[in-house]
Structures are given as structure tokens and as C-alpha cells.
Amino acid sequence: MDEKLHLDLEDFSEEQFMESFLKEIQSEEAVFIIGIFVALALVVLTIVYFGNFWGTSKARNAVLLLGLCDSGKTLLFTRLLLGKFVRTQTSITDSSATYKSKSDRSSSWTLIDVPGHESLRVQIVEKYKAMARAIVFVVDSSIFQKDVRDVAEFLYSILTDSIVAKNAPTLVVACNKQDISMAKSAKLIQQQLEKELNTLRLTRSAALSSQDGAVGGSVYLGKKGKDFEFSQLANRVEFIECSAHGSKGEDGDADIDALEKSLAKI
């Protein structure tokens with residue numbers, strides 16, 4: 001037995017032992033080095049992710065006031081900023097100013113009034129859409145039945161924009177001019193817009209791919225196989241009633257409390 005043990009020890013030479021030992025060390029070093037690289041990669045990815053998140057949140061600090069001509073956007077703009085009536089005229093360029101929420105004065109956004117005329121608004125929306133933290137889409141409730149098609153087409157172009165869809169800014173549909181007796185309610189306007197947007201989606205579906213996704217800068221609106229509803233959007237959507245003019249005329253206060261409360265939530 002002593003002889004057998006002696007032979008085994010001779011077979012396991014010093015040279016073999018060193019070779020095995022070096023291989024084991026090299027294997028452990030490789031694992032250690034790989035571990036370091038993985039840890040560094042995770043740190044870099046985390047920094048990049050949060051850097052992009054914070055940078056995007058900071059960059060998206062605009063509230064866009066959109067709507068057709070004469071919907072009352074500019075008067076709402078001045079009411080929100082100054083708190084008083086100012087006689088306005090149809091805008092031919094964008095206006096912007098810092099807006100602070102009444103409920104939280106430490107929070108502020110850049111409020112941007114976008115002209116309603118189609119030849120002007122397209123370029124301006126393109127300029128600011130990536131910055132939008134919220135979109136206030138202003139509707140003239142008093143003539144909504146007449147304008148429903150044009151309102152829906154404008155809103156459709158916004159909601160199917162790939163950048164807007166990706167960022168999913170808060171959407172507040174401000175049903176303005178509620179001081180006028182013929183004004184439609186926010187609930188009725190929402191229902192009719194959903195029907196009109198559903199019709200638009202059907203007529204324009206040929207321009208979209210067979211799968212959800214961007215085609216030519218557009219995305220599919222809502223869910224396939226279902227009639228469109230605003231609840232299908234990734235955006236937080238709210239319909240509110242307001243009156244920039246106010247029920248007491250130029251000397252009275254505007255009825256914009258619901259709008260201010262909505263803006264305080266963004």
C-alpha cells in the first residue's frame with residue numbers, strides 16, 4: 001500500500017501541480033474581471049437611464065394651448081397669466097410665458113399659446129410638441145356641432161403623432177364659452193369627439209401599417225378591433241368646462257377653476 005501511494009505521488013508531479021494551480025487562478029481572475037465589467041456596465045446604464053429620465057422630465061416643461069381659430073385660447077392664456085380680461089385678436093404667432101399653479105407656487109411651466117389657423121399651427125406644433133408636458137385643447141362649446149369635424153381632424157393629427165404618443169402628455173380638453181346658452185356640455189363633446197375620431201381612424205387606416213406602430217410619423221389611434229374611446233390612450237385625459245369670458249362680462253371673473261385644478265395636477 002505504501003508503494004501504491006508513493007507511485008501516485010510520483011505521478012502527480014510538481015510541474016502538474018503548478019500547472020493546475022495556475023489554471024485555477026486564471027479562471028478565478030477571469031470570473032473576477034468579468035464581474036467587474038458587468039458591475040461597471042450596470043452603473044453606466046443606470047446613470048444613462050436616470051440622466052435621460054431627469055433630462056426629459058426637465059425638458060418637457062411646456063403646456064401647449066391648442067384649438068381652432070376663435071376658440072378662446074388667447075383669452076384663456078391671458079386669464080391664466082394675468083387673472084383679468086384683456087381684449088384679444090386672432091393670433092398670427094405663438095406667445096409664451098411662465099405660468100405658476102395657484103395651489104403650488106413653486107411649480108411653474110411654460111404656457112404656449114399656439115395660433116389656431118392651420119397654415120400657422122402645423123409648424124409651431126412641430127417646434128414645441130417634444131417639450132409638451134400637457135396639452136390643453138380648447139373647444140368652442142357654443143358652435144361645436146358646426147366645428148366637430150375640424151376639431152376632430154386637428155385632435156386626430158395631435159394624438160396620432162408618434163412623438164406625442166410616446167411622451168403621452170396630459171390632455172385637457174377645455175370646453176370653453178360655457179357662458180353662452182347654446183354651449184354643449186363636456187360629456188356630450190367627449191362622446192361626439194369619440195365617434196368622429198373613430199370615423200377618421202377608419203377612413204385613414206389605409207395609411208397605417210397592419211400592426212400598431214409608427215408609419216410616416218403616425219401611430220394607430222386607440223385599440224384595434226374596438227371603437228375609439230379616450231380611455232384607450234396612454235395619456236391622462238380630462239374634459240372640463242370653462243369660460244374665459246365669464247358670465248358677468250368683461251368686468252367679471254373668468255370661470256376657469258376647473259382648468260386651473262387640472263393644470264395643478266400635471
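At 22% relative accessibility, Lys-177 counts as partly exposed; buried means under 20% relative accessible area, exposed over 50%, and partly exposed in between, with a 1.4 Å probe and protein chains only. This is a predicted model, in which local features need pLDDT of at least 70, side-chain atom pairs count only at pLDDT 80 or more, and totals for chains, interfaces and linings use all residues. Residues are numbered from 1 along each chain as its sequence is written, and side-chain values use heavy atoms, with hydrogens and water left out.

**Lys-177 and its partner**

- Lys-177 sits in the loop between β5 and α7; helices (H or I, at least four residues) and strands (E, at least two) are DSSP runs, numbered from the N terminus.
- The phi angle of Lys-177 is near 65°, a positive value in a residue other than glycine.
- Most residues other than glycine have a negative phi.
- Lys-177 also forms a salt bridge with Asp-140, at 3.1 Å from N to O; a salt bridge is a side-chain nitrogen of Lys or Arg within 4 Å of a carboxyl oxygen of Asp or Glu.
- This pair links distant parts of the chain, since Asp-140 belongs to strand β4 (residues 132-140) and Lys-177 to the loop between β5 (170-176) and α7 (186-203), 37 residues apart.
- Asp-140 counts as buried, at 8% relative accessibility.

**Other salt bridges**

- The structure holds nine salt bridges.
- Side chains of opposite charge can pair when their charged atoms come close.
- Arg-149 and Glu-196 form one of them, with their closest N and O atoms 3.0 Å apart.
- Here too the pair links distant parts of the chain: Arg-149 is in helix α5 (residues 144-159) and Glu-196 in helix α7, 47 residues apart.
- Arg-149 is partly exposed, with a relative accessible area of 34%, whereas Glu-196 counts as buried at 18%.
- A network of salt bridges links Arg-149, Glu-153, Glu-196 and Arg-204.
- In another salt bridge, the side chains of Glu-238 and Arg-236 meet at 3.2 Å, N to O.
- Glu-238 counts as buried at 19% relative accessibility, while Arg-236 is partly exposed at 32%.

- Asp-70 has a phi near 65°, which is a positive value in a residue other than glycine.
- Asp-70 lies in the loop between β1 (62-67) and α3 (73-82).
- With a relative accessible area of 54%, Asp-70 is exposed.

**Negative patch on the surface**

- Asp-179, Glu-241, Asp-253, Asp-255 and Asp-257 gather in a surface patch of negative charge.
- Patches are made of residues with over 30% relative accessible area and no salt bridge, with like charges joined within 9 Å and nonpolar side chains (Val, Leu, Ile, Met, Phe, Trp, Tyr) within 5 Å.
- Asp-255 is partly exposed, with a relative accessible area of 44%.

**The buried side of α8**

- Leu-259, Glu-260, Ser-262 and Leu-263 are buried in α8.
- These four residues are on the same side of α8 because they cover an arc of only 160° around the axis; the arc is that of the directions from the helix axis to the C-beta atoms.
- An α-helix has 3.6 residues a turn, so residues three or four places apart point the same way.

How values were computed:
Areas by Shrake-Rupley, 256 points an atom, 1.4 Å probe, with all protein chains shown as cover. Lys, Arg positive; Asp, Glu negative; His and termini not counted. Charge placed at Lys NZ, Arg CZ, Asp CG, Glu CD.
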